[in-house]
Amino acid sequence: MCGIVGYIGVSQAAPILLDGLSKLEYRGYDSAGLAVYDGDKIQLQKATGRLKVLSELTHDGATMPGVAGIGHTRWATHGAPSNSNAHPHFNREETIAVVHNGIIENYLKLKKYLEGKGYQFTSDTDTEVVAHLLDYYYKGDPIEAITRMMHRVEGSYALGILFQAHPGLLYAVRKDSPLIVGRSKDGNLIASDVPAVLKYTRNVYFIENEEISILSGEDICFYNVDGEEIQKESTAIDWDMNAAEKGGYEHFMLKEMYEQPQTVRDTLNPRIKEYNVDIEELGMTDEEIRSIQKIHIVACGSAYHAGFTAKYVFEGMARIPVDVDLASEFRYRNPILQEHDLVIIISQSGETADSLAALREAKNRGVQTLGIVNVVGSSIAREADRVMYTWAGPEIAVATTKAYSAQLIAEYLLAIKFAQVRGELTKEETTSYLKDLHKLPEQIEMLLSNKEKIQHFANRYISAKDVFFVGRGIDYAISMEGSLKLKEISYIHSEAYAAGELKHGTISLIEEGTLVAAVLTQEALYKKTISNIVELTSRGAFVLAVTNTGNTEIEKAADYVIYIPQTNRWFTNSLAIIPLQLFSYYVSLGKGCDVDKPRNLAKSVTVE
């Protein structure tokens, strides 16, 4: 959540800042602002609402001349969305400007201290404390002021800072919130995420915790929290620039749904060699894999649902016991972690605050960790003992589609690898599984090509108030993700239930016309789930069923059926999710919702 962009160089800064912030709109925000040094003083402009309001106020940046500046899109945490609470924030003389992502946990204590020193606050934010604290410590040396501030501040932060007394320099600081530095031929940049700088450079530095970067138009230097200069290596970003653009699609979400077949291929193909799974970057010996006694999967949101699917796959295929935890709960339940356990952290961005905290908790207890992430060089990728990338490319829509599908593929491959090594799969079984995996991209393309049928059905339920998703076993996992997709982009109340639990209370909510989406992909559970569907229809529910081709028995019980191609029972979620994604998309579209940027949500949740 929130976005930071900074630029210093030979070009006008404001248009570059606005362009960069537009590439970070997926992160979620409710206000935006710019601070630009105009050769005399730092000029400030802020606005609530969408970025286009700020663009109009500044005539696309033309009214804010200057070649050094910082920009910010804010997602409210401390203080309601307003001009006074929007970033950037000034010190009292308006000679230091600050933008901030994260949360200052001890800001009230610091605010009281600074008020005792005569400082007055004009906002409700925790960020303003940083601006005044820098002012308090500044005695002519910005690095000294920044390091002293860092020693006093508790919490998470990514900061972009301008000092009017040092007009040729831009400062960046990071602790537990993502921040990158980019080098280009016309100047240098800072940003919260790679898409903001792709137009200008592909060479970036990932700032580590408690590191400081000083940028001029020509050079970049790095320092630790003690003010000592350090050396860093840049990373080349190989994303196609077009991958961060809509490419003719109405929404990023639709584009990313249609990118799923290629995403599956990219995550799958390099890791299959002669019908064996070879995950080179994993770096685990067969002995280490055999020694694993338990797996803990920790994630948030859709990544949690992917992990919930993985529990069934790992336990059923590799016979390893698996716990699945919401990352926000993992640390606080004091989990029992043993020497031969493996903690798998799943995160698209690799910066999810709760997941990152869970990773650090596991590492502090001496348990080996594996990150499944999409963003190269992200915090989880760097801090986990091992990392497996999903190679989905940039995902801009807040509601994940292709990154979720890539996470499923990564989990299938890991489960097959572990099952192979532990002797739970024969060579023939492994070959059969991998053949089915190779078919998935084409099968997904086929499901996407039938979008008109799903769009027609979705149009009937634009005005729905409540929708329920049900399934048994691995189908319950896909029901959870289908339900989340609908509620997050259409704002329709939706819940997922294990189908067998309906009669233990939930069925009382079913009334005439209530839509229920039932997922049936596990042949051994067809009859039991059909019995649950009959219970629902007898109470007036309208049932949409998603099931495998050939399960025609369902037509006697359900009102509307969508068939998915046959595949191995462990891989059905990769296919069943496609019609549920399309259904949610077209309901949201029909309601006139902001499909790519749903209200109150952020793509990368970098605060706990």
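Tyr136 is partly exposed, because its relative accessible area of 24% falls between the cut-offs for buried (under 20%) and exposed (over 50%), using a 1.4 Å probe and protein chains only. The model is predicted: local features need pLDDT of at least 70, side-chain atom pairs count only at pLDDT 80 or more, and totals for chains, interfaces and linings use all residues. Residues are numbered from 1 along each chain as its sequence is written, and side-chain values use heavy atoms, with hydrogens and water left out.

**Aromatic pairs**
- A search of the whole structure finds 20 aromatic pairs. Rings of Phe, Tyr and Trp (its six-membered ring) pair if their centres lie within 6.5 Å; planes under 30 degrees apart are stacked, over 60 edge-to-face, and the rest tilted.
- Tyr113 and Tyr136 are edge-to-face, because their ring centres are 5.9 Å apart and their planes meet at 85 degrees.
- This pair links distant parts of the chain, 23 residues apart: Tyr113 is in helix H3 (residues 107-116) and Tyr136 in helix H4 (residues 127-137). Helices here are DSSP runs (H or I, at least four residues), numbered from the N terminus.
- Tyr113 is also partly exposed, at 31% relative accessibility.
- Phe457 and Tyr461 make a tilted pair, with 5.3 Å between centres and 35 degrees between planes.
- Phe457 is buried at 1% relative accessibility. Tyr461 is buried at 11%.

**Charges over rings**
- The charged end of Arg92 sits over the ring of Tyr119, 3.9 Å from its centre. The test is NZ of Lys or CZ of Arg within 6 Å of the ring centre and within 35 degrees of the ring normal.
- Lys111 lies over the face of Phe121, 5.2 Å from the ring centre.

**Nonpolar cores**
- The largest nonpolar core has 94 residues. Such a core is a set of buried Ala, Val, Leu, Ile, Met, Phe, Trp, Tyr and Cys residues joined through side-chain atoms within 4.5 Å.
- Ile295, Met317 and Phe418 have the most contacts inside this core.
- Helix H13 (residues 402-421) gives the largest share of this core, 12 residues.
- A second, separate core has 30 residues, including Leu110, Leu134, Leu159 and Phe163.

**Helix H18**
- H18 covers residues 573-591, and its 19 residues should span 27 Å at 1.5 Å a residue. The expected span is 1.5 Å times one less than the number of residues.
- The end C-alpha atoms of H18 are 27 Å apart, which agrees.
- H18 is largely enclosed by the rest of the structure, because 16 of its 19 residues are buried.
- Gly592 follows H18, with a positive phi near 80 degrees.

Definitions and conventions:
Helices (H or I, at least four residues) and strands (E, at least two) are DSSP runs, numbered from the N terminus.
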